[in-house]
Amino acid sequence: MQKRRIDHETNAGAMADIAFLLLIFFMVVTTFNKAYELELSLPPKKENTRKGKISKQRLLTIHLNAQSGVLIGDKIYPQEVTYSLTDELKRITSNQKSGVIKINIHPDTPYGSYLQLMSNIKRDKELILNELAEESYGQPFKELKATNKKVLLAKTAYSITEIQTERL
Amino acid sequence: MKMQRKKERSIKINTTALPDIIFMLLFFFMVTTVMQTKTISELSLPQAYGITQQGDSNPDELNIYIYTSDGAQLITINDQKKSIEQSNLLITGIVNQLRNKGMHIQKANLFIDSGIVMSSVNQVKETLQELDIYKVKLIHEYGIM
């Protein structure tokens, strides 16, 4: 007796549904990588320039050289070496008055190393704020009330002056 | 004579090739899609420790791109390109033009290549100060420092 032939065809009708499902899933889930921003407030030009002596206690001097090296206080950090400014920031803001960060920038300094320095300052300020918030209120800084935030922000206030040095 | 009735034709469309076409399209777009992150190909944004993500661009904000192309430092605003030496003219011209149209330009987003020297950056900052633009955002990419 001859055997009956079995039909081996698989049903591919649902395949399109699966492909659409995948397509729609990835369309919904995909998020585009956004860039980050660092906001600066520039001072008005040639106005309100204050002249006066700043005590050493509230002054932090930083030098940026043309080879992306950073000199903080008396320590030199070559390019691509991570550095922390928390101790220095704590030192200059420990007084009653706000601290001053003076950055001497060589005209040939690459912008990348300048931006790294600025973001490190901002990061370390956030670290100090969180530390203080935990110490004083037992909460991270973000969860504090607006009035408490103001108190801590006043304690850690500093201003930055940038000076472009001359080429030798 | 009895007329023979016409056979009814089946009008079923064969859809077995449909998934193949959809998969082909899916793979084609998966492979060819390039996520555009920069408007200028020569620009490579510096990496720094990022805290704030870039918000949506506002029409009242001026987007300034500074980058090097073939060894020359260029500045581009609103698709107008100039060498960095002429940045003062370009920024002043565009800001005045926009202000005459009634736009209040008070903020600037700076997209600067990591290799640009600070003297050029400072030059642009000074021009912005002269034009009473004091809020400046430095746009960068996330990097763990």
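How many salt bridges does a search of the whole structure find over all chains? The search turns up seven, a salt bridge being a side-chain nitrogen of Lys or Arg within 4 Å of a carboxyl oxygen of Asp or Glu. This is a predicted model, where local features need pLDDT of at least 70 and side-chain atom pairs count only at pLDDT 80 or more, while totals for chains, interfaces and linings use all residues. Residues are numbered from 1 along each chain as its sequence is written, chains are lettered from A and ligands numbered from 1 in the order in which they are written, and side-chain values use heavy atoms, with hydrogens and water left out.

**View 1. The contact between chain A and chain B.** Chain A puts 39 residues into the contact and chain B puts in 42 (heavy atoms within 4.5 Å). About 4100 Å² gets buried between the two chains, with carbon and sulfur atoms giving 64% of that; buried area here is the accessible area (1.4 Å probe) lost on putting the two parts together, summed over both. On the chain A side, A:Tyr36, A:Glu37 and A:Tyr111 lose the most area to chain B, together 22% of what that side buries.

**View 2. Salt bridges across the interface of chain A and chain B.** The rule finds two of them here. In one, B:Lys125 pairs with A:Glu162, with the closest N and O atoms 3.0 Å apart. In another, the side chains of B:Lys137 and A:Glu37 meet at 3.8 Å, N to O. That pair crosses from strand β7 of chain B to strand β1 of chain A (strands are DSSP E runs of at least two residues, and helices are H or I runs of at least four, numbered from the N terminus).

**View 3. Strand β1 of chain A alongside strand β7 of chain B.** These strands run antiparallel and are joined by six bridges; two strands pair if DSSP finds at least two bridges between them. Look for A:Leu38, whose bridge partner in β7(B) is B:Leu138.

**View 4. The rings of A:Tyr36 and B:Tyr142.** Their centres sit 5.2 Å apart with the planes at 45 degrees, so the pair is tilted (Phe, Tyr and Trp rings, the six-membered one for Trp, pair with centres within 6.5 Å; planes under 30 degrees apart are stacked, over 60 edge-to-face, the rest tilted). This pair also crosses between chains, from β1 of chain A to β7 of chain B.
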